[in-house]
Amino acid sequence: MKIGFNNKLTIDRLTKVGLFLTDGKKDVLLPLKYIPKKYEIGDEINVFVYLDHEERPVATTLKPYITVGNFAYLSVNYINKFGAFLNWGLEKDLFVPFKEQARPMEEKKRYLVFAYIDEKTNRIVASSRISRFLNNENLEIEIGEEVDLIVSHITELGINVIINNKHSGLIYKSDVYEELKTGQKIKGFIKTIREDNKIDVVLQKQGFENIASFTEIILSELKANKGFLRLNDNSHPEDIKTVLKMSKKNFKKAIGNLYKERVIEIKEDGIYLL
């Protein structure tokens, strides 16, 4: 039975306060309000286990917005002299000590945090000092690999992201063709791994396969606009980015392929579907 995680436990017995669940070694209470309508002693049930207001393990069938070892973008319910308390979908709020706040948190604002077990208190706590939970020394990724990303923060250089819950990376602004927000979960691809283990990420796959996907986007847009797009080789990169969510370089490669295959005609006022 793990505190801060989802557990599959066995229903052991019913009492006045709720069901007691067991993993074969330890028992935990599932309060009456979370008891399923239909159950039998001996059934298995999926629950989240955490500590209640009296620091006792308790189970719930509610799904928390974050579990131990993961990141999430959560809002602050209130702040007291000990720290901030976040809404993570459970009755008892998630505690962030002042020392674990990258900058002082404010009520009703949202922050990207990491959840972990505090070794001194054995409590589930969170931290917005997320860089200390990321490690780029021992990389478990390869160039070209598709990865899970969480948007960390936005800078003048680009979008800082968390890769596979383990590493930090960067998407350069020139490679971003859609609006991204802190906490957003997206897919991406590893573009470059530098000598110092800094990682460059892109949102679109590189190479021929990617160009093929761009041609599909252009064809779809043409069909939706009665076979005409007011874009061509001379269009401004920002216009292409706004309409098609791609770079001018990829746009030119894609329409070049479509032109060679005699699918489109390129004129001064735009491109036409043949």
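Arginine 56 counts as partly exposed at 45% relative accessibility, a class lying between buried (under 20% relative accessible area) and exposed (over 50%), as computed with a 1.4 Å probe on protein chains only. This is a predicted model in which local features need pLDDT of at least 70 and side-chain atom pairs count only at pLDDT 80 or more, while totals for chains, interfaces and linings use all residues. Residues are numbered from 1 along each chain as its sequence is written, and side-chain values use heavy atoms, with hydrogens and water left out.

**Salt bridges**

- The count comes to 13 salt bridges, each being a side-chain nitrogen of Lys or Arg within 4 Å of a carboxyl oxygen of Asp or Glu.
- Arginine 56 meets glutamate 54 in one of them, at 3.6 Å from N to O, and glutamate 54 is exposed, with a relative accessible area of 56%.
- Aspartate 200, buried at 8% relative accessible area, pairs with arginine 194 at 3.0 Å, N to O, and arginine 194 is partly exposed at 35%.
- Salt bridges with shared partners join Asp12, Arg13 and Asp27 into one network.

**Nonpolar core**

- The largest nonpolar core has 34 residues, of which Leu21, Leu86 and Trp88 touch the most other members; such a core is a set of buried Ala, Val, Leu, Ile, Met, Phe, Trp, Tyr and Cys residues joined through side-chain atoms within 4.5 Å.
- Leucine 86 has contacts (heavy atoms within 4.5 Å) that include Leu74, Val76, Met105 and Ala126, not counting residues up to four places away in sequence.
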